[in-house]
Amino acid sequence: MKSIFFCLLFVVGSFFGFGNDAKGATVSVFVPGSANPYLAGMPNGTTAPGGDSAPAQSPLLVSGLNISQANYLSFSASGTASYNSASYYGPDGGLFYGSFFSRGSENGISGLRVTISSLIGVFLDSQLPTTTPAPSDLDFEVLTRDFLTLSPELKQVFFIGDGRTSSSVIQKFYVPNGATRLFLGTADGTQWVNNGGGFNTDITSYSQAAVPEPTSMAIFGLSALGLAYHSRRKGKA
């Protein structure tokens, strides 16, 4: 009976492509605490409240990954960053006077509610983010930081943290349609220019591998199923 079950599983798997996530490249970057995500995609000379400007406080543009071909990403981050060069937090960030903090949208990029100094990211397409309205804000006090998967929209700032749940499960961050760039920064309300520290971050891309031609695979699987059934019948004779 077990042999028949496993052959049947093989046949079904050949149609649906079980386990077809293909690991791609991994890149390692350092994200400084002074990386302002609201300068993502903005030209040099762009200024922001509190004395920030591009490129000095621009967020880190991830290179070495084909974002447009990726299905999802995983992250692994370590280090500490500060929003005031005094209180330092790990990638998951810390409470801001005992609570999560909110900040609004800027330059067509969404606001968010999250922990202070946490590692955050934003996906962009090839256009200036100011050409279209900002999407809705994500509230990670409601969503929690303990999600298994996250599917942010283009220009929607999202929490990354250390890339793992509280039980150390690797989190999946799905790439939105049309995304060509990923920027990484830290969570703050304004004035990233006086932030300190930063995060060592590894980013790995995953794509949907090509599913084997179902006809030939299914024929092979059905043949194996037939042989297993025949052997079982013969054993009973």
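Tyr97 counts as exposed, at 74% relative accessibility; exposed means over 50% relative accessible area, buried under 20% and partly exposed in between, with a 1.4 Å probe and protein chains only.

Before going on, a word on the source. This is a predicted model, in which local features need pLDDT of at least 70 and side-chain atom pairs count only at pLDDT 80 or more, while totals for chains, interfaces and linings use all residues. Residues are numbered from 1 along each chain as its sequence is written, and side-chain values use heavy atoms, with hydrogens and water left out.

Now the rings. A pair of aromatic rings is described by the distance of the centres and the angle of the planes. Rings of Phe, Tyr and Trp (its six-membered ring) pair if their centres lie within 6.5 Å; planes under 30 degrees apart count as stacked, over 60 as edge-to-face and the rest as tilted. The count by this rule is 12 aromatic pairs. One of them joins Phe96 and Tyr97, edge-to-face, with 4.9 Å from centre to centre and 80° between the planes.

Phe158 and Phe173 make a tilted pair, at 5.9 Å centre to centre and 40° between the planes. Which parts does this pair tie together? Phe158 lies in strand 12 (residues 158–159) and Phe173 in strand 13 (residues 172–174), so the pair links parts that are 15 residues apart in sequence. Strands here are DSSP runs of E, at least two residues, numbered from the N terminus. Both Phe158 and Phe173 are buried. They also belong to one aromatic cluster, together with Phe75, Phe123, Phe140, Phe147 and Phe159.

The charged end of Arg103 sits over the ring of Tyr38, 3.9 Å from its centre; the rule asks for NZ of Lys or CZ of Arg within 6 Å of the ring centre and within 35 degrees of the ring normal.

Next, Thr204. Thr204 is in strand 15 (residues 196–208) and counts as buried, at 9% relative accessibility. Leaving aside neighbours within four places in sequence, Thr204 is in contact (heavy atoms within 4.5 Å) with residues including Lys23, Thr26, Tyr72 and Ser74. The side chains of Thr204 and Thr26 are joined by a polar contact of 2.7 Å. A polar contact is a pair of N or O atoms within 3.5 Å; within protein, one must be able to donate a hydrogen and the other to accept it, and residues adjacent in sequence count only if both atoms are side-chain atoms.

Technical notes. Helix = DSSP H or I, 4+ residues; strand = E, 2+ residues; numbered from the N terminus.
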